[in-house]
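Please consult the sequence and the structure shown here.

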Amino acid sequence: DAAGNPQFTGLAYDALVSFQQTTGADGLRLVPDLALSIPTPTDGGRTYTFRIRPGIRYSDGQRLRASDFRRGIQRLFRVRSQGTFLYGGLVGAQACEAHPRGCHLTRGIVTNDALRTVTFHFTAPDPEFLFHLTEFAFSAPIPPGTPDRETNSPAVPGTGPYKIGSVAPDEIRFVRNPFFREWSHAAQPAGNPNSIVWRSVPSIQAGVTAIERGRADWLFGEPPFAQFHQLELQYPSLLHNNPQWTVNFLPLNTHLAPFNDLRVRQALNYAINRATLVNFYGGPSFAIPTCQTIVPGIPGYRRYCPYTLHPRADGAWRAPDMARARRLVKQSGTIGERVVLVGGGQFGYIPPATTGYIAGVLRSLGYRVEVRPIPFASITLAMDRRFQISNYGAWIPNYPDPSSYVPAFFSCHGSNSNDYYCNPTIDREMRHAELLEPTHPSQATAIWQTVDRQLTDAAEWVPTVATREVEITSRRLHNYEYSPVWGFLADQAWLP
């Protein structure tokens with residue numbers, strides 16, 4: 001899984017733009033990387049023109065050229081990469097999808113090596129294009145001579161501060177790229193360690209043991225909930241608690257009774273004790289209560305929770321309001337109806353015990369509840385559309401913007417919506433926000449705040465908690481930095 005992680009690919013590869021490699025809110029800022037600047041789209045949002053930095057070399061010594069960017073994206077289509085969905089709107093992309101081996105994007109990506117320019121032409125405005133470019137694994141330039149197939153060589157040359165020096169079944173070693181010179185500290189700072197080794201372990205427990213015994217310095221993955229409190233007492237300075245964009249929720253089928261009644265959906269939002277769920281996740285170090293669609297830490301988030309006892313202006317959830325929840329259910333006339341709750345199996349980081357708790361809440365509201373444990377991997381779209389409610393709702397946005405997931409769940413033809421919800425007015429608002437993002441981000445953020453409140457008031461989900469990421473490092477590791485986008489910045493740490 002590490003190969004697709006920006007913590008991994010960002011060590012050796014770059015893109016035209018990137019998120020600033022730093023901690024806190026500044027880490028959400030798009031900055032030019034291999035490009036000299038971030039362009040304003042032209043032609044009604046269908047064209048982006050970049051000028052690349054001069055003098056940059058790959059790890060094998062070749063000079064970076066503008067045409068390498070077209071070569072890289074053409075190669076995605078030719079090797080049938082999953083990353084092609086990022087560029088499906090380019091002029092010529094449909095022909096490449098139909099005939100991958102003969103893919104040519106000379107009309108969609110126009111390059112000039114002498115002027116160092118790369119121009120992307122889309123068939124329709126693509127306001128998410130700059131975000132898509134930050135997916136290093138799918139947007140890095142490719143030097144001439146790279147075959148259009150998977151190879152047995154250690155790696156395709158990159159422009160980052162490191163290159164892949166060796167690959168073994170359980171280990172990948174990064175060593176310094178001798179041709180790297182820092183061109184932008186914001187986008188790609190020079191690294192501190194001479195080498196960085198990613199080593200796989202058979203379990204998270206084995207990783208924690210390796211950290212404790214000084215055989216490793218950072219664990220990609222959280223310590224088990226039960227072990228966390230022991231570690232917190234023994235090694236408090238080695239644990240790092242960081243915000244994460246994950247939102248956990250109960251998806252509700254608004255076409256099926258009783259959740260086709262707004263009062264029932266609101267009642268469940270009032271009845272859920274989010275503090276209880278926080279404890280299921282391991283406590284406040286691992287999760288915080290949330291009532292809304294947009295997750296903390298990304299543009300458009302402004303804390304808002306109408307589903308709490310004694311709501312206040314700060315928008316915080318405080319406690320469930322069972323009395324109000326029961327009144328709403330009584331008004332709906334649905335007491336005694338049958339509800340089938342799908343859940344109970346392993347799915348990501350959702351604790352299985354939460355399913356039994358949610359079933360108990362539904363019963364306390366007066367419903368006859370059946371829990372149906374269906375493995376998540378076996379669920380088809382047709383099955384999903386027949387569910388009333390499930391405990392398989394969790395999502396981590398691909399990039400820090402509501403557009404990365406809110407339309408997918410709530411637009412009329414959203415890819416993850418299961419056709420549960422359709423509001424043409426909100427569709428128009430979301431599309432307007434997306435189109436404003438490249439040129440008027442503050443206006444886009446204001447629209448997303450409005451959309452978030454409308455969706456929360458409509459109770460299309462029952463958001464429960466936003467999770468946090470707990471990491472453990474060794475005693476000898478210094479300068480631990482955590483980017484809200486990239487996570488732990490291994491190249492900025494150092495050892496004595």
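The model is predicted, with local features requiring pLDDT of at least 70 and side-chain atom pairs pLDDT 80 or more, while totals for chains, interfaces and linings use all residues. Residues are numbered from 1 along each chain as its sequence is written, and side-chain values use heavy atoms, without hydrogens and water.

In the whole structure, 27 aromatic pairs are found; rings of Phe, Tyr and Trp (its six-membered ring) pair if their centres lie within 6.5 Å. The ring centres of Phe-131 and Tyr-399 are 4.5 Å apart and the planes stand at 10 degrees, so this pair is stacked (planes under 30 degrees apart). Phe-131 belongs to helix α4 (residues 129-133), whereas Tyr-399 sits in the loop between β14 (393-395) and α13 (406-410), 268 residues apart. Helices are DSSP runs (H or I, at least four residues), as are strands (E, at least two), numbered from the N terminus. One aromatic cluster comprises Phe-8, Phe-174, Trp-198, Trp-218, Phe-220, Tyr-480 and Phe-488.

Helices α8 (residues 262-271) and α10 (residues 322-332) have axes that come within 8 Å and cross at roughly 160 degrees, the axes being lines fitted to C-alpha atoms over the stretch in contact, with angles from 0 to 180 degrees between N-to-C directions. Helix α8 is therefore roughly antiparallel to α10 (angles over 145 degrees).

Note on methods. Angles under 35 degrees count as roughly parallel, over 145 as roughly antiparallel, 65 to 115 as roughly perpendicular and the rest as oblique. Rings of Phe, Tyr and Trp (its six-membered ring) pair if their centres lie within 6.5 Å; planes under 30 degrees apart count as stacked, over 60 as edge-to-face and the rest as tilted.
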